[in-house]
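Here are some notes to go with your first look at this structure. Keep the picture open while you read, and find each residue as it comes up.

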Amino acid sequence: MCIFCKIVEGELPSNKIDENDDFLAFNDLYPKAPIHVLIIPKAHVECFQDVNPTVMAGLTTFTQQIAKKLGLDKSGYRLITNNGDDGAQEVKHLHFHLLGGGKLNWTHQHDESHKNM
Ligand code: AMP
């Protein structure tokens, strides 16, 4: 069983923000922003590439509710999913990183730095 499935099952601890029958939001263990929450489907799906549109529809609504609950709906936030090895996905259970709580840096295409990835 993967570590996020263990969190869903209660076999590993997590700092829960909210949940319903299908989805769970909990704080990232190593936050990269003042607010850094992971949002997952409870049923194991490896990555975004494998998820079906019905699950994504529910995940969208749940994510919007979490953003509102955290007071990010008006101030703004970033939503990221890393997909597969080149996407630097470490945990192979679909998750969206919800980042906010302050102005986030972003490197735009017109900057030279993106060439270094
Ligand atoms: P990714 O690189 O997109 O797969 O991100 C995995 C994320 O899971 C990282 O941001 C980790 O800090 C986070 N993480 C790993 N283990 C745990 C855990 N037990 N509880 C909360 N977050 C975790």
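Predicted model: local features only at pLDDT ≥ 70, side-chain atom pairs only at ≥ 80, totals over all residues.

1. Start with where the ligand is: it sits in the largest pocket. Around it you'll find 17 residues, and the closest are Asp28, Asn82, Glu90, His95 and His97.

2. Which element gives the largest share of the shell around the ligand? That's H1, with three residues. Helix H1 covers residues 3–9, and strand S2 covers 23–27; each of them supplies at least two residues of the shell.

3. Now look at the polar atoms facing the ligand's oxygen atoms. From the backbone, a polar atom of Glu90 is 2.7 Å from a ligand oxygen, and an N or O atom of Val91 lies 2.9 Å from a ligand oxygen. His97 uses its side chain instead: a polar atom there is 2.8 Å from an oxygen of the ligand. As for cover, the ligand has 510 Å² of accessible area on its own, and the protein covers 88% of that.

4. You'll find it in strand S5, residues 96–100. Is His97 buried or exposed? Its relative accessibility is 11%, and buried means under 20%, so His97 counts as buried. Its side chain also makes a polar contact with the side chain of His36, at 2.8 Å. Skipping its neighbours within four places in sequence, His97 is in contact with several residues, among them Asp28, Val37, Arg78, Leu79 and Asn82.

5. Next, go to Thr63 in helix H2, which runs over residues 53–69. Thr63 counts as buried because its relative accessibility is 5%. Which residues does Thr63 touch, leaving aside those within four places in sequence? They are Ile39 and Leu79.

6. Finish with Ser75, in the loop between H2 and strand S4 (77–80). Exposed means over 50%, so Ser75, at 60% relative accessibility, counts as exposed. The side chain of Ser75 reaches the backbone oxygen of Gly71 at 3.4 Å.

Technical notes: Residues numbered from 1 in each chain as written. Heavy atoms only, no water. Helix = DSSP H or I, 4+ residues; strand = E, 2+ residues; numbered from the N terminus. Buried < 20%, exposed > 50% of the residue type's maximum accessible area, 1.4 Å probe, protein only. Contact = heavy atoms within 4.5 Å. Near = heavy atom within 4 Å. Polar contact = N/O pair within 3.5 Å; in protein donor to acceptor, adjacent residues only side chain to side chain. Areas by Shrake-Rupley, 256 points an atom, 1.4 Å probe, with all protein chains shown as cover. 1 Å grid on protein atoms, 1.4 Å probe; cavity = no way out; pocket = protein on both sides within 12 Å on 5 of 7 lines; lining within 4 Å. Sits in = over half its atoms within 2 Å of the grid points.
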